[in-house]
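Subject: Structure handover and notes

Dear colleague,

Please find the structure below, followed by my notes on what was found in it.

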Amino acid sequence: MFARLAVNLPAVSGMFDYAIPDELAGQVGLGSLVTAPFGNQTVQGVVMDLLDEPSVAATKSLESLLDPLAVFSVAQMELAKWIAAHYLQSLASVIGMMLPTGLSQQADTIFDIRYSNTELSNIELSAVASRLVQLLQEKGALRGRQIDRHFAKVDWRKSADWLAKRGVLRKQSVLPPPRVRPKFIRVAQLAVTPAEADAALPDLGTKQTLARRQAALQFLVRAVDAVNLSWVYAESGCNLADLEHLEELGLIRLFESEIFRDPLERVEKRTENRGIENNPIVLTLEQETALKEILATLANRQSPIANYLLHGVTSSGKTEVYLRAAEETVRQGRQVIVLVPEIALTPQTVRRFLARFPGQVGLVHSKLSEGERYDTWRRARAGKLKIIIGARSALFAPLPNIGLIVVDECHDSSYYQSEQPFYHAVTSAQEYARLCGAVCLLGSATPTIEQRFHSSPLPYSGDGLGMGADSPSLEGKEPGVRYLSLPHRVTDSQLPPVSIADMRAELKSGNRGIFSRALAESLAETLSRGEQAILFLNRRGTATYIFCRNCGTTLKCPNCDTPLTYHVERLTLNVQPSTDALLCHRCGYQRRLPKTCSVCKSDQIRQYGLGSEKVESDVQAMFPQARTLRWDWETTRQKDAHDIILTHFANHQADILVGTQMLAKGLDLPLVTLVGIVLADVGLNLPDPFASERTFQVLTQVAGRAGRSARGGRVILQTFMPDHYVIQAAAGHDVDGFQKREGEYRRQLGYPPYGRVTRLEYRHRDAAKAESESQRVLQILQEKLKTERRTLTTVSAVPCFFAKSDGVYRWQVILRGPDPASLLRGLRLDDWRVEVEPISLL
């Protein structure tokens with residue numbers, strides 16, 4: 001018998017055949033995680049197929065089985081193959097991504113010194129080689145990834161290879177063992193009947209030990225089940241020697257018991273204390289209609305429609321529909337995956353699921369420890385969890401019988417993985433649902449134009465989102481996505497009215513502040529009524545760029561060539577808390593605010609622009625009695641910071657919440673009656689075909705935080721572009737109108753959904769090399785277009801908008817047409833980043 005492996009080496013594509021040795025026969029199956037020799041190293045691999053005959057004559061044998069149970073189901077393996085093929089990523093990189101962190105390990109190389117100091121003194125070393133030798137002398141043998149941490153942005157491997165050839169260093173390939181394993185604790189349990197234990201109480205020891213041992217034994221009599229030794233110590237005051245004596249007498253058993261690291265223990269206790277979901281919820285007619293269709297499909301696995309787009313305005317009750325659909329799925333004995341944009345930003349959704357399904361929910365997100373993630377993964381694989389909630393990686397939880405996949409806020413950009421391997425979790429969820437025979441339920445108040453286009457019935461035709469006569473046909477257009485609508489809020493309130501404040505008129509009238517008169521007056525009224533307000537600005541910091549007023553020099557990041565942002569409050573390793581700091585938001589470079597200009601030596605250094613820190617300071621100056629909170633990247637770097645800030649605000653321990661795009665997530669705050677959008681134009685004019693849609697979505701979502709109770713509410717939208725169609729559509733909560741107009745622009749230019757886009761990006765520290773490589777690939781693609789007579793596909797090569805990032809120059813090749821990705825199949829693109837269906841061209 002032979003096994004076909006996908007090896008865990010991201011740079012390697014394809015699968016490889018191995019012989020299954022006799023000692024592993026019957027143990028290795030589909031989805032098994034094994035180790036195998038690959039070249040001169042040992043690697044991890046996942047068994048993707050079992051064969052009677054290999055595809056090559058000479059095969060090596062598998063070395064070991066890392067887990068007695070399969071780590072992938074058949075559906076998961078098919079999903080991995082689909083993601084790799086659809087997004088042009090290596091299968092190995094997709095497999096590695098789907099395994100839990102800590103279990104997935106890649107081959108590495110150990111380096112150590114062979115020469116003495118005397119021998120080294122006779123060799124002339126480069127600066128990098130000398131630094132590498134010194135590091136290994138100080139630390140001893142190190143793995144390559146450990147050395148990477150000491151050589152940030154330095155290519156030390158060429159020097160290491162040169163030293164190895166000279167015999168200075170010794171290199172040895174190694175596969176680190178998995179970093180995660182089951183956790184065990186020592187426990188004690190009564191080994192006799194309670195009557196026998198009571199009879200033994202007088203004879204348990206001397207005067208000094210008797211009381212402790214009696215207390216311990218009596219506690220274990222009451223406990224019945226096995227108890228963690230730390231609890232026994234705390235309750236009785238005994239120690240390990242006392243318990244070992246009781247074990248020698250045959251009264252108790254001491255043994256190790258496996259425990260699961262559950263990140264939801266604290267959250268579930270808080271949920272119980274808050275009494276969430278105590279009151280039964282009565283569905284509206286619109287919710288009942290939508291739910292009826294979904295439940296009918298759940299009951300009929302042969303239904304031709306398995307995908308739904310639930311388009312509901314903010315506060316329309318989409319979460320309750322998710323919960324009812326999940327209840328029915330669990331009742332059928334199947335499991336549910338619920339994807340949310342970011343766990344930390346959607347705590348209310350998580351708590352509602354915990355309250356409805358106590359003890360049946362698992363959480364998956366990047367803030368968990370490796371042990372917590374591994375244990376949640378194992379519980380899911382064993383079928384001990386009914387529901388998995390998490391960000392995009394939760395899609396890969398190995399639930400054995402998935403019946404429903406929910407994607408909340410399906411428009412959100414965080415569902416797209418912007419690092420290799422590139423993929424979109426929403427599209428992948430739809431494919432995974434098909435593979436599992438499950439229902440996929442997408443939900444949003446602002447679905448993307450592509451999602452709306454691929455659903456039926458369509459609200460537009462001809463020149464809107466319908467296919468025009470001259471539009472190219474799109475292979476793979478999905479007719480099986482059913483459109484469901486929740487056009488009204490479930491509360492007594494309507495969508496809040498939006499007032500547009502023209503900041504040009506404010507300037508003409510002499511108002512130089514960041515708040516219009518209308519917003520300042522509304523803030524005062526809201527505070528006087530004891531209600532809450534949200535101030536939104538999708539920009540961090542205090543000022544967006546720093547310049548010299550004397551000569552005009554702008555302070556830029558030396559690594560990215562972009563303006564530095566001024567922060568008043570910046571606590572880092574090399575900038576003191578009280579020191580004003582300049583920060584690059586792209587690579588993290590930082591420095592102190594200079595006292596004089598480096599060009600003209602003038603002291604006229606000034607800050608210009610606007611950020612969330614500036615908004616907070618100005619509102620505090622305007623309303624000193626108001627309690628303010630700021631919710632942005634700087635204030636949420638600590639664990640649980642998101643939950644703490646949101647809890648404080650929800651409990652009315654603050655009056656005004658200032659924040660960035662985090663505020664656009666699904667928050668339900670009944671006391672918020674005013675939302676002020678400080679500058680709606682941020683991001684609107686970026687050179688990206690998707691910029692207008694992103695801006696409209698975030699403005700509409702933030703506006704929806706107001707008036708979610710009978711108190712009502714209003715939104716004030718400040719802008720320098722009041723007549724722009726995005727601003728007008730957001731002010732009118734007009735999703736259909738915006739999508740119709742934006743869809744027509746995209747149809748004219750051939751952008752999604754009327755065409756497809758593929759993006760290639762090349763990065764190099766040499767600007768000339770980055771440009772020449774891009775032109776080389778451009779020429780190859782242009783020749784292929786001519787050869788294959790693809791008249792509807794265009795290709796161009798240009799520098800990225802952020803042309804330099806972290807010291808690396810970036811060029812991109814953009815392909816646009818009916819099926820541009822097919823042009824790349826079979827083409828070698830070493831060192832290129834390939835993005836199929838990207839969500840941004842910046």
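Helices (H or I, at least four residues) and strands (E, at least two) are DSSP runs, numbered from the N terminus. Both Glu 320 and Arg 356 are buried, where buried means under 20% relative accessible area, exposed means over 50%, and partly exposed lies in between (1.4 Å probe, protein chains only). The two also belong to a network of salt bridges that links Glu 320, Arg 324, Glu 327, Arg 352 and Arg 356.

Before going further, please note that this is a predicted model, in which local features need pLDDT of at least 70 and side-chain atom pairs count only at pLDDT 80 or more, while totals for chains, interfaces and linings use all residues. Residues are numbered from 1 along each chain as its sequence is written, and side-chain values use heavy atoms, with hydrogens and water left out.

As for the overall form, the protein chain contains 25 helices and 36 strands, and its C-alpha atoms fill a box of roughly 90 × 70 × 70 Å along the principal axes. Its radius of gyration is 31 Å, which agrees with the value near 28 Å that a compact globule of 842 residues would have; this radius is taken over C-alpha atoms, and the globule rule is 2.2 Å times the number of residues to the power 0.38. Of the 842 residues, 52% count as buried.

Returning to the salt bridges, the count for the structure comes to 42. Side chains of opposite charge can pair when their charged atoms come close. One of these pairs joins Arg 170 and Asp 112, at 2.7 Å from N to O, and it links distant parts of the chain, with Arg 170 in strand β8 (residues 169-174) and Asp 112 in strand β6 (residues 108-113), 58 residues apart. Arg 170 counts as partly exposed because its relative accessibility is 40%. Another salt bridge is formed by Lys 81 and Glu 78, whose closest N and O atoms are 3.6 Å apart; these residues are three apart in helix α1 (residues 74-86), so about one helical turn separates them. Lys 81 is partly exposed at 29% relative accessible area, and Glu 78 is partly exposed at 35%.

A search of the whole structure also finds 13 aromatic pairs. In these, rings of Phe, Tyr and Trp (its six-membered ring) have centres within 6.5 Å, and planes under 30 degrees apart count as stacked, over 60 as edge-to-face and the rest as tilted. Phe 16 and Phe 38 form an edge-to-face pair, with 5.1 Å from centre to centre and 80 degrees between the planes, and they link strand β2 with strand β3 across 22 residues of the chain. Phe 16 is partly exposed, with a relative accessible area of 27%. The rings of Phe 353 and Phe 357, by contrast, are stacked because their planes stand at 20 degrees, with the centres 6.2 Å apart; Phe 353 is buried at 0% relative accessibility, and Phe 357 is buried at 4%. Elsewhere, ring pairs link Phe 696, Tyr 725, Phe 738 and Tyr 745 into a cluster.

The charged end of Arg 452 sits over the ring of Tyr 483, 3.4 Å from its centre, and that of Arg 586 sits over the ring of Phe 802, 3.9 Å from its centre.

Finally, Gln 590 is found in strand β27 (residues 590-592) and is buried, with a relative accessible area of 18%. Its C-alpha atom is separated by 8.2 Å from that of Leu 564, which is 26 residues apart from Gln 590 along the chain.

Conventions. Lys NZ or Arg CZ within 6 Å of the ring centre and 35° of its normal. Salt bridge = Lys/Arg side-chain N within 4 Å of Asp/Glu carboxyl O.
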